[in-house]
Amino acid sequence: MHKARFFSGIALLAISASGCGLAAASPGKHVMVPAEPTMIDFVDPATVAGLSVGTLTEGDSPGNRYAHVNYPVIAAAPALNKALRVQAERQLANFNQRTEGRATYPRVELNVDWQLPTVSSQVIGVRLRTGEYVGADWGNSMRTFWFDPSTGETVGSTGLLAGERALEELTALVREQLDERGSQVEQESVTANDDVFDSMAFNRSGDLVVEFDDCQIGPCSLGRLAVAVPRDQAAPLLSDLGGRAQTAVREAAQRVTPYETPRMVPTADPDAVSSRAGSVDCSVAKCVALTFEDGPGMYTGRLLDVLRGQQARATFFVLGVNAAAQPALLHRMSEEGHLVGGHSWSHRDLSKQTSSKVAESLRLTDAAVSAAIGQTPRLLRPPYGSVSPELVSVATRMGLSLVAGDVDTKDESGGDPGDIADRAVRGAHPGAIILMHDIHQGSVDAVPDILKRLRGKGYTFVTVPELYGVTGMQAGRLYRSGSELPVSNP
């Protein structure tokens, strides 16, 4: 596997000062300690045994809001998984309630991804990064949860502290530091309550890092605001759980070398192709392309088992954040003849992004895929199918063809496997691109029936580029079906 070029141990991630929701490129690999004390090390999720990704999503259907909520699922921590699922459902319900009746264009959007401040037998930290778009610009916030394996309890960040008195003392220390930053910071907004201190973790030195949401304690133009309370000052304020978390982070920092995150530079890897490309002539055979997006997730491994057992191939449009967490699944996709394409880094609507943010998302995704399979994606499925001139321009420069589809199984939120299979079979035709999601159990359960019924109709399952034969696919063009011409100006 090629993962080692980017991943090995703990992630030294620089949190973007712009609050865009994506991690900035890491410092050089020989830089061992962050210069900014509020920078936090995050565990490489690919090193966590039994880790997968859970997802709540909605919005692919016309008229819906856009929402995509990811959270980690760790096999050894079922109580934590349940708590994170409840949190995800609560966030989605709250967002839907607050945005009820908003204009449908541009669609309001909720996006949540995650990082791991520490994972050990003593404590697990999960940092949720939330972005909301409600018609003007993105607003970003953080919330960090802490799990105690010894009790099975999941607490908010104030669970790191030894009660109300400790929270009040921490509040005073934080306000003292903020006083040195000038009049733009609203110190009176820093009060001793759970909502203000909802995202706390430790840097590699053991300092307690307190993060604030965009616009929470000052003008939005200030971007990310955070305070690092020195280790010796923080230690007396910590609960037993907080002490264990501080120790776990410091010990991990001494034990492993920081890895370089996927970097936003072109890779030298060859273009991604199916290892079985060319084995089927779609000008003669009845070809159809099964495509799966939003993964890899909890059910992707089982889907690969089904496809391998039925000797069928598919195209997977993966999220960069999920690819970085589960590179072994991408490696398996490539080894078993499937094709890997990109689906952005964290599923934010790219049509709402500037060209620089679009490029950042796509290059990070390409680097994560390349690190896993040693090939660079040449296909992109835009989240929610949303395309803008800026996206087309960036995709053209990066050599990416845009892929939509013409058979919608309407499984974006899961559903009954029989209904999903019926829609796939009913819509299938030579050259069809069938849209599915490998993050839902119902979607994966529908695949054996789809394969059986379409094979009975004489169809062969290929990857998307094979539908276009010797004509090939062009960068910047939008492809909906192998039986129609691509769209040049979406």
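This briefing describes selected local features of the structure, grouped by topic.

The model is predicted: local features need pLDDT of at least 70 and side-chain atom pairs count only at pLDDT 80 or more, while totals for chains, interfaces and linings use all residues. Residues are numbered from 1 along each chain as its sequence is written, and side-chain values use heavy atoms, with hydrogens and water left out. Helices (H or I, at least four residues) and strands (E, at least two) are DSSP runs, numbered from the N terminus. The structure holds 24 salt bridges, a salt bridge being a side-chain nitrogen of Lys or Arg within 4 Å of a carboxyl oxygen of Asp or Glu.

- The loop between strand E13 (286-293) and helix H5 (300-309) contains Pro296, and the peptide bond from Gly295 to Pro296 is cis, with omega near -5°.
- Thr300, Gly301, Leu303, Leu304, Val306 and Leu307 of H5 are buried; buried means under 20% relative accessible area, exposed over 50%, and partly exposed in between (1.4 Å probe, protein chains only).
- The cover over the buried residues of H5 includes E13, strand E14 (314-318), helix H7 (327-335) and helix H11 (441-456), where contact means heavy atoms within 4.5 Å.
- Just after H5, Gln311 takes a positive phi of about 50°.

- Side chains of opposite charge can pair when their charged atoms come close.
- Within helix H5, Arg308 and Asp305 lie three residues apart, about one turn of the helix, and their side chains meet in a salt bridge (3.5 Å, N to O).
- An α-helix has 3.6 residues a turn, so residues three or four places apart point the same way.
- Arg308 is partly exposed at 49% relative accessibility, and Asp305 is partly exposed at 38%.
- Asp305 also forms a salt bridge with Arg332 (2.5 Å, N to O). Because Asp305 lies in helix H5 and Arg332 in helix H7, this pair ties together parts that are 27 residues apart in sequence.
- A network of salt bridges links Asp305, Arg308, Arg332 and Glu336.

- Lys357 and Glu360 both belong to helix H8 (residues 355-373), three residues apart, about one turn of the helix.
- The two residues form a salt bridge in which the closest N and O atoms are 3.8 Å apart.
- Lys357 is partly exposed at 26% relative accessibility, whereas Glu360 is buried, with a relative accessible area of 10%.

**Positive phi in two loops**

- Cys215 has a positive phi of about 70° although it is not a glycine. This residue lies in the loop between strand E10 (208-212) and strand E11 (225-229), and its relative accessibility of 38% makes it partly exposed.
- Lys410 likewise has a positive phi, of about 55°, and is not a glycine. Lys410 is found in the loop between strand E18 (407-408) and helix H10 (417-427), and is partly exposed, with a relative accessible area of 47%.

**A patch of negative charge**

- Glu164, Glu168, Asp194 and Asp195 gather in a patch of negative charge on the surface, and Glu168 is placed in helix H2 (residues 164-179).
- Such patches are made of residues with over 30% relative accessible area and no salt bridge, like charges being joined within 9 Å and nonpolar side chains (Val, Leu, Ile, Met, Phe, Trp, Tyr) within 5 Å.

Notes
Accessible areas come from the Shrake-Rupley method with a 1.4 Å probe; for residues, only the protein chains shown count as cover. Lys and Arg count as positive and Asp and Glu as negative; His and the chain ends are not counted. The place of a charge is taken as NZ of Lys, CZ of Arg, CG of Asp or CD of Glu.
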